[in-house]
Amino acid sequence: MSSAIHRLQQRTRLMADARTYLSPTDAQTLTGHTRHTLKLRVEEGTLVAHRVGNRTFSYRTDSVIAYCQRRHPELTLFDRLANTEGKLITEQELADELDHAPAGTWWTLARRDHRPPDWPTWQAWYQGDTERAERALAKQQSRWEQENARLRARGVLRRTLWIPAQPLSGYGRYCLARYLHVAAAGGWVRVLPAWKCTHLEQRRSLPDLEVVPGVVYVRRHTHLGSRAGALRIQDPDLSGALHEFLTWASDRHALSLVDFARWRHPLQGAA
């Protein structure tokens, strides 16, 4: 992994935490400044901080990030993604390539919080017939079980990190129901509440991604929100860094799908 990608990865991890203040060490990592320079920026009013000791400051996170964004066009791995060229592929080409993903972990980052009702199960849910939608989703479990078995036989471990807005929208409630059926079929899904990504999304919302060894697919959508293929970025360093970040975020900040459903948004009465 290149030193530039490593720095972006460090900053991405720091910004995937909604805390209000940063330690001096974390502020140094984000800005690249020494402690002396950080103090000078506080004295001149560029950064906001408060004293936590005779010589130590705690730096307000939003002021540090705003300062860094003025100095660095690329602050996170997601900024690098937004500035990286790739090849546009269709939805069918994307499905074909993912169907032949190489052995290793296939990460899906699911962030988008709305889409038109162009899936039959989502259409039924959207129309208020959640019981019919649930029955249809249950019928798909056998297909998902077969897909998971086929992927495992090829050495592919599929993982999904879902970032839903809260409170859940109608589409969010549908996604929760769908992911519960996916998990029942042996799928692996964890939930990262959107508020934890507040700092990461100061420039733009996080994209929907498919990350496989060596390649990142940035999903594209029509102006109505339907899926429209992806931008294919073949970059082993960027793919590896995103894989490590998603693994870290899942382990460090995410909830199990069952816990999210039980403790945060129980489905009783929704289906």
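## A polar contact at Gln 9

In this predicted model, the side chains of Gln 9 and Glu 244 make a polar contact at 2.9 Å. Gln 9 belongs to helix H1, which covers residues 3–15.

Is Gln 9 buried or exposed? Its relative accessible area is 5%. The cut-off for buried is under 20%, so Gln 9 counts as buried. Leaving aside residues up to four places away in sequence, Gln 9 touches Met 1, Leu 77, Ala 241, Glu 244 and Phe 245.

## Helices H8 and H10

Two packed helices are described by the angle between their axes and the distance between the axes. For H8 (residues 130–139) and H10 (residues 170–184), the axes come within 9 Å and cross at roughly 30°. Angles under 35 degrees count as roughly parallel, so H8 is roughly parallel to H10. The crossing of the two helices is right-handed.

Which residues meet here? H8 brings Glu 134, Leu 137 and Ala 138. H10 brings Tyr 174, Ala 177, Arg 178 and His 181. By type, the residues of this contact are four nonpolar, one polar and two charged.

The peptide bond from Gln 166 to Pro 167 is cis. Its omega is near 0°. Where is Pro 167 found? Pro 167 sits in the loop between strand S6 (156–162) and H10. H10 is also the helix that meets H8 through Tyr 174, Ala 177, Arg 178 and His 181.

Notes:
Residues are numbered from 1 along each chain as its sequence is written. This is a predicted model: local features need pLDDT of at least 70, side-chain atom pairs count only at pLDDT 80 or more; totals for chains, interfaces and linings use all residues. Side-chain values use heavy atoms; hydrogens and water are left out. Axes are lines fitted to C-alpha atoms, for helices over the stretch in contact, and angles run from 0 to 180 degrees between N-to-C directions. Helices (H or I, at least four residues) and strands (E, at least two) are DSSP runs, numbered from the N terminus. Angles under 35 degrees count as roughly parallel, over 145 as roughly antiparallel, 65 to 115 as roughly perpendicular and the rest as oblique. A crossing is left-handed if the near helix is turned anticlockwise from the far one by less than a right angle, and right-handed if clockwise. Contact means heavy atoms within 4.5 Å. Ala, Val, Leu, Ile, Met, Phe, Trp, Tyr, Cys and Pro count as nonpolar, Asp, Glu, Lys and Arg as charged, and the others, Gly among them, as polar. Buried means under 20% relative accessible area, exposed over 50%, partly exposed in between (1.4 Å probe, protein chains only). A polar contact is a pair of N or O atoms within 3.5 Å; within protein, one must be able to donate a hydrogen and the other to accept it, and residues adjacent in sequence count only if both atoms are side-chain atoms.
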